[in-house]
Amino acid sequence: MPNQMIPEYTILGSFGELYDTEGKFMSNIQEVTISITIDRQDIMMSGSRRVGYKYTSVRGEGSMRGFKVSSTMARRIAAPMRDDRAPQWVGTIRCVLRDPEIIQDGAGNPQEEEVALERCKWWGVNLGWAVNQIIEEDTPFTFQNIRWLNAIVGDGEQVTQPPSSPNQNWPQDITKIPPVPES
């Protein structure tokens, strides 16, 4: 049977790792959610009832949830509350997935996914507690760039970074850009 999925290749989040802006492993993080949204504007064209779309901007948002083991993150995020002249905490976080049963590369090593979220800004911190409850922190953040440091590839798929500037690698004549395959 062609194109059957191998169940062991599904990725288990338990092997995820998160590193803070200084490269320190954040052992208390239990969940990371990252979302990239492409904003668009509707384009109505004469002679058609179909709506076209124009890409206008892109935004990166996320959140981290984990057990509270220190006040470090809360103090960094809350610095502008304590001092009007304090800069907002800005940095890079790295997210890594290293499941040992993941698809292997040509040398037989498990592949991994690693992304760097650059120019992260954290937008809130929750303080407080409840009797007989483990304290968790849920911290929202935004980011301005994502860089793929490693990617999980399968079935001969090639993953490359897009060109940093379209003028360097993309043809000037748009008719020479290969069409997107129909799915």
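In the predicted model, Cys-95 is buried, with a relative accessible area of 13%. Cys-120 is likewise classed as buried, at 0% relative accessibility. Neither residue is paired: Cys-95 is in no disulfide, its nearest cysteine sulfur being that of Cys-120 at 8.2 Å, and Cys-120 is in no disulfide either. The structure as a whole holds zero disulfides.

Asp-20 occupies the loop that connects strand S1 (16-19) with strand S2 (29-44). Although located in a loop, Asp-20 is buried, with a relative accessible area of 10%. The side chain of Asp-20 reaches the backbone nitrogen of Glu-22 at a distance of 3.0 Å. When residues up to four places away in sequence are set aside, the contacts of Asp-20 are Met-26, Arg-76, Thr-92 and Ile-93.

The surroundings of Tyr-53 were examined in turn. Tyr-53 belongs to strand S3 (residues 51-67) and is exposed, with a relative accessible area of 52%. Beyond residues up to four places away in sequence, Tyr-53 touches Arg-40, Gln-41, Asp-42 and Ile-43. For one of these contacts, Asp-42, the C-alpha atom is separated from that of Tyr-53 by 4.8 Å, although the two residues are eleven places apart along the chain.

Helix H1 comprises residues 72-82, and its buried residues include Met-73, Ala-74, Ile-77 and Ala-79. Among the elements covering the buried residues of H1 are S3, strand S5 (113-122) and strand S6 (136-143).

The second largest pocket has a volume of about 410 Å³. Its lining is formed by 21 residues, of which Gly-16, Glu-17, Val-32, Val-96 and Leu-97 are the closest to the pocket centre. Several strands contribute to this lining: S1, S2, strand S4 (90-97), S5 and strand S7 (145-150) each supply at least two residues. The largest share, five residues, is provided by S2. In terms of residue class, the lining of the second largest pocket consists of twelve nonpolar, five polar and four charged residues.

Methods: Residues numbered from 1 in each chain as written. Predicted model: local features only at pLDDT ≥ 70, side-chain atom pairs only at ≥ 80, totals over all residues. Heavy atoms only, no water. Disulfide = S-S within 2.5 Å. Buried < 20%, exposed > 50% of the residue type's maximum accessible area, 1.4 Å probe, protein only. Helix = DSSP H or I, 4+ residues; strand = E, 2+ residues; numbered from the N terminus. Contact = heavy atoms within 4.5 Å. Polar contact = N/O pair within 3.5 Å; in protein donor to acceptor, adjacent residues only side chain to side chain. 1 Å grid on protein atoms, 1.4 Å probe; cavity = no way out; pocket = protein on both sides within 12 Å on 5 of 7 lines; lining within 4 Å. Points joined across faces, edges and corners; volume = space filled by probe spheres on them. Nonpolar A, V, L, I, M, F, W, Y, C, P; charged D, E, K, R; others polar.
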